[in-house]
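Have a look at the model first, and then we'll get into the details.

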Amino acid sequence: MIDALREELLAMIAEEERLTAALERAGDLDDVDVAAAHPELRAVQARHHERLWAMLDDLETWPGRRLVGDDGAEAAWRIAQRALLDPELQRRCVEQLEVAVELGDAEPKHYAALFDRLCMAEGRDQVFGSQFVTSADGATAVPWPITDAANVDERRARVGLGPLAEHARVMRDAYARRRPVSAGP
């Protein structure tokens, strides 16, 4: 294991989380889409994405559990998952994650979520039903369109994800907690 790389990944994700929490407390941030657009957070993420690109170049593989431990691999995935403004980085990470999963060096659910995120960025239907967006009326969270939706729970189970209905309930509840309460008439 490469302890220094693990520590760097953990520090990167901790920095993003501290900044996100501070922005949320200040009322400057209320969901993931805003996080991607907030200038201060975008600058931090851009620096982290650049560093993840360099790690992938240096390692020529995904920074998986063998290299950085489970928590380091989780941090690397979270950095990639948040690379909303860098779909090329996400594409590269998906490719390397797929190989790492086959070798038992990464979580299949990490691959699934990042693959779906990339599909969404490219305007394609997702495969595993992991990505949600605000409904057209703004009232709740709904899944981004899913290819072969009738069989999504089978695909989700293969990568260690629970049923879509359960995930949808969690996402709707999270959306309701973040959504500002209207003052009414």
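## How the helices pack

Let's start with helix 3 and helix 4, which pack at an angle of about 130 degrees with their axes 10 Å apart. Helices here are DSSP runs of H or I with at least four residues, strands are runs of E with at least two, and both are numbered from the N terminus. Axes are lines fitted to C-alpha atoms, for helices over the stretch in contact, and angles run from 0 to 180 degrees between N-to-C directions. Helix 3 and helix 4 are therefore oblique to each other; angles under 35 degrees count as roughly parallel, over 145 as roughly antiparallel, 65 to 115 as roughly perpendicular, and the rest as oblique.

Before going further, a word on ground rules: this is a predicted model, where local features need pLDDT of at least 70 and side-chain atom pairs count only at pLDDT 80 or more, while totals for chains, interfaces and linings use all residues. Residues are numbered from 1 along each chain as its sequence is written, and side-chain values use heavy atoms, with hydrogens and water left out.

Back to that pair: helix 3 and helix 4 cross in a left-handed way, meaning that the near helix is turned anticlockwise from the far one by less than a right angle (clockwise would be right-handed). Helix 3 brings H48, H49, L52 and L59 to the contact, and helix 4 brings L67, A76, I79 and A80; contact means heavy atoms within 4.5 Å. By class, that contact has six nonpolar, two polar and no charged residues. For the classes, Ala, Val, Leu, Ile, Met, Phe, Trp, Tyr, Cys and Pro count as nonpolar, Asp, Glu, Lys and Arg as charged, and the others, Gly among them, as polar.

| Pair | Axes | Angle | Crossing |
|---|---|---|---|
| helix 3 and helix 4 | 10 Å apart | about 130 degrees | left-handed |
| helix 5 and helix 6 | within 9 Å | roughly 150 degrees | left-handed |
| helix 1 and helix 3 | within 10 Å | roughly 165 degrees | left-handed |

Helix 5 and helix 6 are therefore roughly antiparallel to each other. On the helix 5 side the contact uses P87, Q90, R91, C93, V94, L97, E98 and V101, and on the helix 6 side P108, H110, Y111, L114, F115, R117, L118 and A121. Sorted by class, the contact of helix 5 with helix 6 has 11 nonpolar, two polar and three charged residues.

As for helix 1 and helix 3, their axes come within 10 Å and cross at roughly 165 degrees. That makes helix 1 roughly antiparallel to helix 3. L5, E8, L9, M12, E15, E16, L19, T20 and L23 of helix 1 meet E40, L41, V44, Q45, R47, H48, R51, M55 and L59 of helix 3. Those residues divide into nine nonpolar, three polar and six charged.

## What sits inside

The largest nonpolar core has 32 residues, and L9, L52, W62 and C93 are those with the most contacts inside it. A nonpolar core is a set of buried Ala, Val, Leu, Ile, Met, Phe, Trp, Tyr and Cys residues joined through side-chain atoms within 4.5 Å. Helix 1 (3–25), helix 3 (39–59), helix 4 (65–81), helix 5 (87–102) and helix 6 (108–121) each give two or more residues to this core. Apart from it lies another core, of seven residues, including F132, I146, L164 and Y175.

C93 touches L52, L56, W62, A80 and L114, not counting residues up to four places away in sequence. A100, in helix 5, counts as buried at 4% relative accessibility; buried means under 20% relative accessible area, exposed over 50%, and partly exposed in between (1.4 Å probe, protein chains only). Leaving aside neighbours within four places in sequence, A100 is in contact with W62, D105 and A106.

E16 in helix 1 is buried too, at 0% relative accessibility. Leaving out residues up to four places away in sequence, E16 touches L41, V44, Q45, H48, I79 and R82.

Most residues other than glycine have a negative phi. E60 has a positive phi, near 60 degrees, and is found in the loop between helix 3 and helix 4. E60 is exposed, with a relative accessible area of 66%. D148 also has a positive phi, near 45 degrees, in the loop between strand 2 (141–143) and helix 7 (152–158). At 42% relative accessibility, D148 counts as partly exposed.
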